Amino acid sequence: MKAILESEKAINAKPFLKWADGKTQLITELVRHMPPHIKSSKVIDSYVEPFVGGGAFFFYLKSHYEVKKIFFV
């Protein structure tokens, strides 16, 4: 994920934990099932992550889409 900080420097973020059943290897398949309007607009109004684990899918989405609200439950 590249985030712009107040100092205008970009940082890269990756999953912070390695999980045996993590979502990293499933990202392509998960994106395939996203609603077409999200894929075309590149905007996600709200994202709810109930099983953050290492955060692989979250970090993918943050680096490829504008995510307005994020909830980790």
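The structure is a predicted model, in which local features need pLDDT of at least 70 and side-chain atom pairs count only at pLDDT 80 or more, while totals for chains, interfaces and linings use all residues. Residues are numbered from 1 along each chain as its sequence is written, and side-chain values use heavy atoms, with hydrogens and water left out.

**Strands 3 and 4**

- Strand 3 (residues 43–49) and strand 4 (residues 66–72) run parallel and are joined by six bridges; two strands pair if DSSP finds at least two bridges between them.
- Within this pairing, Ile44 has Val67 of strand 4 opposite to it.
- Together with helix 3 (residues 56–64), strands 3 and 4 make a right-handed β-α-β unit, where right-handed describes a path that runs clockwise from the first strand over the helix to the second, with the strands pointing away from the viewer.
- Helices (H or I, at least four residues) and strands (E, at least two) are DSSP runs, numbered from the N terminus.

**Salt bridges**

- Two salt bridges are found in a search of the whole structure, each defined as a side-chain nitrogen of Lys or Arg within 4 Å of a carboxyl oxygen of Asp or Glu.
- One of them joins the side chains of Arg32 and Glu29, with an N to O distance of 3.1 Å; these residues are three apart in helix 1 (residues 27–32), which means that about one helical turn separates them.
- Arg32 counts as exposed at 55% relative accessibility, whereas Glu29 counts as partly exposed at 38%; buried means under 20% relative accessible area, exposed over 50%, and partly exposed in between, using a 1.4 Å probe and protein chains only.
- In the salt bridge between Asp45 and Lys68, the closest N and O atoms are 3.8 Å apart, and this pair links distant parts of the chain, with Asp45 in strand 3 and Lys68 in strand 4, 23 residues apart.
- Both Asp45 and Lys68 are exposed.

**His64 in helix 3**

- His64 lies in helix 3 and is partly exposed, at 40% relative accessibility.
- The side chain of His64 reaches the backbone oxygen of Tyr60 at 2.8 Å.
- His64 and Val43 are 21 residues apart along the chain, and their C-alpha atoms are separated by 9.2 Å.

**Phe71 in strand 4**

- Phe71 belongs to strand 4 and is partly exposed, with a relative accessible area of 39%.

Technical notes. A polar contact is a pair of N or O atoms within 3.5 Å; within protein, one must be able to donate a hydrogen and the other to accept it, and residues adjacent in sequence count only if both atoms are side-chain atoms.
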